[in-house]
Amino acid sequence: MKHILKKALGFGAILVTTFWLTACTEESKPQVNTDPVAFHAGDECHVCGMLITEWPGAKGQSINKQNGDTHKFCSTVDMFSWWLQPENKTLQAQIYVHDMAKTNWNTPEDEHLMDARKAWFVVGSDLQGAMGPSIASYSDKSAAEKLAHDRGGRVLSFEQIDLAVLMEIAQAGHEHAAEHGDKMQMMHDQEDAGPEHESMEHGGDAIEHDEHAPK
Ligand code: ZN
Ligand code: CU1
């Protein structure tokens with residue numbers, strides 16, 4: 001009889017411990033909602049500070065799966081320049097970009113945000129985004145291929161976009177600015193105006209948005 005009681009007590013203790021451990025683990029791992037969030041007027045790019053909704057082209061956002069930290073980016077270009085920093089690449093992050101197969105270039109809609117890791121990207125087309133030369137994102141590979149065929153450039157996967165690709169885009173931005181001196185570049189020039197401003201006139205160096213670089 002005593003033996004059975006001991007057994008029952010022991011079992012109860014295990015039950016209690018299991019319950020307590022489960023409760024504890026669940027508390028230390030809060031459920032983070034990683035659904036995409038809307039871009040609002042007034043939202044600033046995490047990398048360059050520009051007002052995101054005032055510029056054309058595919059945009060990006062990242063949501064930390066562990067703590068819910070959310071960053072929004074004026075462009076897929078700035079999203080990649082943040083993501084490709086060594087300290088960010090190790091983050092558990094859900095990343096979204098606009099699916100340009102389903103929404104229009106000048107005012108992309110939030111309901112057409114998609115998992116960036118599943119997107120196809122066109123690098124080197126003549127489509128201009130918030131930061132000048134763009135990385136256009138598509139769910140549908142054939143839509144990406146069509147853009148590259150019609151407007152130039154090539155199709156890359158998420159994993160294929162690296163710092164060398166970003167350098168190439170920055171370089172294209174310089175050439176574009178030198179040739180056209182368009183509105184977007186003029187605004188960036190004003191933002192960049194300062195002691196090193198004259199470097200722009202000599203063609204500048206490889207990375208145009210030095211001061212926009214993530215800190
Ligand atoms: Zn930006
Ligand atoms: Cu910018």
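The model is predicted: local features need pLDDT of at least 70, side-chain atom pairs count only at pLDDT 80 or more, and totals for chains, interfaces and linings use all residues. Residues are numbered from 1 along each chain as its sequence is written, while chains are lettered from A and ligands numbered from 1 in the order in which they are written. The protein has six helices and seven strands; helices (H or I, at least four residues) and strands (E, at least two) are DSSP runs, numbered from the N terminus.

**Overall fold**

- Starting at the N terminus, the order of elements is α-β-β-α-α-β-β-β-β-α-β-α-α.
- The protein has 215 residues, of which 32% are buried.
- A residue is buried if 20 or more other C-beta atoms lie within 10 Å of its own, exposed if 12 or fewer, and partly exposed in between, with C-beta atoms placed from the backbone.
- Of the contacts between residues at least 6 apart in sequence, 64% join residues at least 24 apart.
- Two residues are in contact if their C-beta atoms, placed from the backbone, lie within 7 Å.

**The sheet**

- Strands of a sheet pair through backbone hydrogen bonds, either parallel or antiparallel.
- Here three strands form an open sheet in the order 6-5-7, with antiparallel pairing.
- Strand 6 and strand 7 are the edge strands, each pairing on one side only; two strands pair if DSSP finds at least two bridges between them.
- On average, neighbouring strands of this sheet are turned by 45° against each other, direction ignored.
- Strand 5 and strand 7 run antiparallel and are joined by four bridges.
- V123 has R154 in strand 7 as its bridge partner.

**Helix 4**

- Helix 4 covers residues 141–151, and its buried residues are A144, L147 and A148.
- Seen down the helix axis, these buried residues fall within an arc of 95°, so they line one face of helix 4.
- The arc is that of the directions from the helix axis to the C-beta atoms.
- The face turned away from the buried side carries the exposed residues S142, H149 and D150.
- Strand 5 (120–129), strand 6 (132–138) and strand 7 (154–157) are among the elements that cover the buried residues of helix 4.
- Helix 4 lies across these strands 5, 6 and 7, at about 40° to strand 5.
- Axes are lines fitted to C-alpha atoms, for helices over the stretch in contact, and angles run from 0 to 180 degrees between N-to-C directions.
- After helix 4 comes G152, which has a positive phi near 90°.

- Eight of the eight residues of helix 2 are buried, so helix 2 is largely enclosed by the rest of the structure.
- Helix 2 (residues 76–83) lies across strand 5 and strand 6, at about 85° to strand 6.
- The largest nonpolar core has 40 residues, and those touching the most other members are C74, F121, V122, I135 and A136.
- Helix 2 gives the most to this core, with five residues.
- A nonpolar core is a set of buried Ala, Val, Leu, Ile, Met, Phe, Trp, Tyr and Cys residues joined through C-beta atoms within 7 Å.
- Apart from neighbours within four places in sequence, F121 is in contact with T76, I135, A136, S137, L156 and I161.

**A loop residue**

- D35 sits in the loop between helix 1 (2–28) and strand 1 (60–64).
- D35 counts as exposed because it has 8 C-beta neighbours inside 10 Å.
- D35 and L113 are 78 residues apart along the chain, and their C-alpha atoms are separated by 9.8 Å.
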